Amino acid sequence: MRTATTLYWLVCKDLVSEYRARQVWPAMLMLGALVTFLFNAQLDAVVEGKSRMLAIQVWLAIYFAGTLALHRTLTTEHVDGCWDALRLYPITPAWIYTAKLTVNFLVLAALQAVILPLCVLLSNVPLQEHAWHMVVVAVLGNIGISSVGTLLGGLWLCSRQGASMLACLALPLVAPVILAASEATRLVADSEIGPQWWRWVGLLGVFDVVFVTAGIVLFDFIIED
Amino acid sequence: MQNKFVSILCGGLTRAAVTCPLIAALGLAMVFAPTEETMGQVQRILYIHVASAWLGLLGFAVMGGCGLAYLLRRNLAWDHWSRAANEIGWLCSSLTLLTGSLWAHSAWGTWWTWEPRLTTMFVLWALYSSCLIVRSSMDEPHLSARIAGALAILGLLDLPLVIMATRWFRGIHPVSPEMEPMMQVTLLLNVIAFTVFFGLLFARRHSQLVSESLLHQLEIHVLADHPPVVNEVRTIPPLSLETF
């Protein structure tokens, strides 16, 4: 119960801090919207395979815009000895990882809430016809990207390196998520909800379980100093 | 003197024992293996391509395993093995992409296509490159080992998922093509010879990394005991391994 309360306050701390400072969310949402606009501007010329193009564009836009927030989550702790103070909380590093993962999940969910409707409006691809199926794909894809992103954010917190490498290191790792989520999104757009769709959703689920577990276990090893 | 002679002799014999089978296996692949009817001579690339692809995957398994061992034990010896596997694995996966591209140009008429297996290999190559970038960008050995170890484990966990994901795509890459018995034997011999050869490279690179690490420690030790003095010519006293 006490751990759950601490987790709650850790999540609140990050959300309130970002709400007050507004350092990343506006830039992230703006970048996401701009990338979506630019991608969709080219979609009109596409006659065949429009849903496939849209699906990969949606997930790349989410990934690239989300990278801003993923990097920010842990680097904010650099300032004024925040990280040392955070380590004094009566919880294990695994719970710190869980709190940061929750914050990243919420940030990416906000980003998805902007990008997905924008894509439907701009491209006329009917993702909304199977809204619940799309929500399942969005949530699972979000967890996959957040889990890897949070862990890599932790690595960068320790290494004191710049953010420039985070995107290029995370992309190979989240490639299966982006592939699976885009394929599942395409099937939703084409109204082909069947065994094939479930297979991709299953892959996303396996990825999420594996990487959230790996994150919880590895985070302790990574940030020990 | 005698020990040095024995050491040189053993080294030479080991190198010969590893290199000769490799040359023999390559000769078998290039000259004696039957020519494939449809593809012609280009098909012989397969013998190198399959062997290097196998070593690319094996390298990742070794790198991930050693990375895990380092995180558990905090012994830099594991990181040296992991780093050697990273470099050899990167080399092998680069060779796989290169030979695959040469084959594809002849078979499919293009140097590259976003085919599932090619994409898988490219993702693997990108993961290897990421670990190399991390290692080269950090000076502190334990920090570099910790981060590269974590990345290697993540990559190792990622690998089956990448393979599984791409199997569900409809690909054009040949899967277990039928071959004549002589071709199968040649392929098997090449895989074994390449594995032994890259095993030797792996061991050599590991011993280089160990020496590099010892030298680094030696430099730190010398600088700590005898800090450099500006505008003064100084001689550093001889050191022996007992210094440590």
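Among the contacts in chain A between residues at least 6 apart in sequence, 85% join residues at least 24 apart. This is a predicted model, in which local features need pLDDT of at least 70 and side-chain atom pairs count only at pLDDT 80 or more, while totals for chains, interfaces and linings use all residues. Residues are numbered from 1 along each chain as its sequence is written, and chains are lettered from A, with ligands numbered from 1, in the order in which they are written.

Switch to a cartoon of chain A: there are 8 helices and 0 strands (DSSP runs numbered from the N terminus, H or I of at least four residues for helices, E of at least two for strands). The C-alpha trace spans about 55 × 35 × 30 Å along its principal axes.

Next, select A:Ala175, in helix H7 (residues 164-189) of chain A. A:Ala175 is buried because 21 other C-beta atoms lie within 10 Å (20 or more count as buried, 12 or fewer as exposed, and those in between as partly exposed, with C-beta atoms placed from the backbone).

Now show chain B: 22 of its residues are in contact with 21 residues of chain A. Color helix H6 (131-159), H7 and helix H8 (195-222) of chain A, the elements that give two or more residues to the side touching chain B. H8(A) gives the most, with 9 residues.

Methods:
Contact = placed C-beta atoms within 7 Å.
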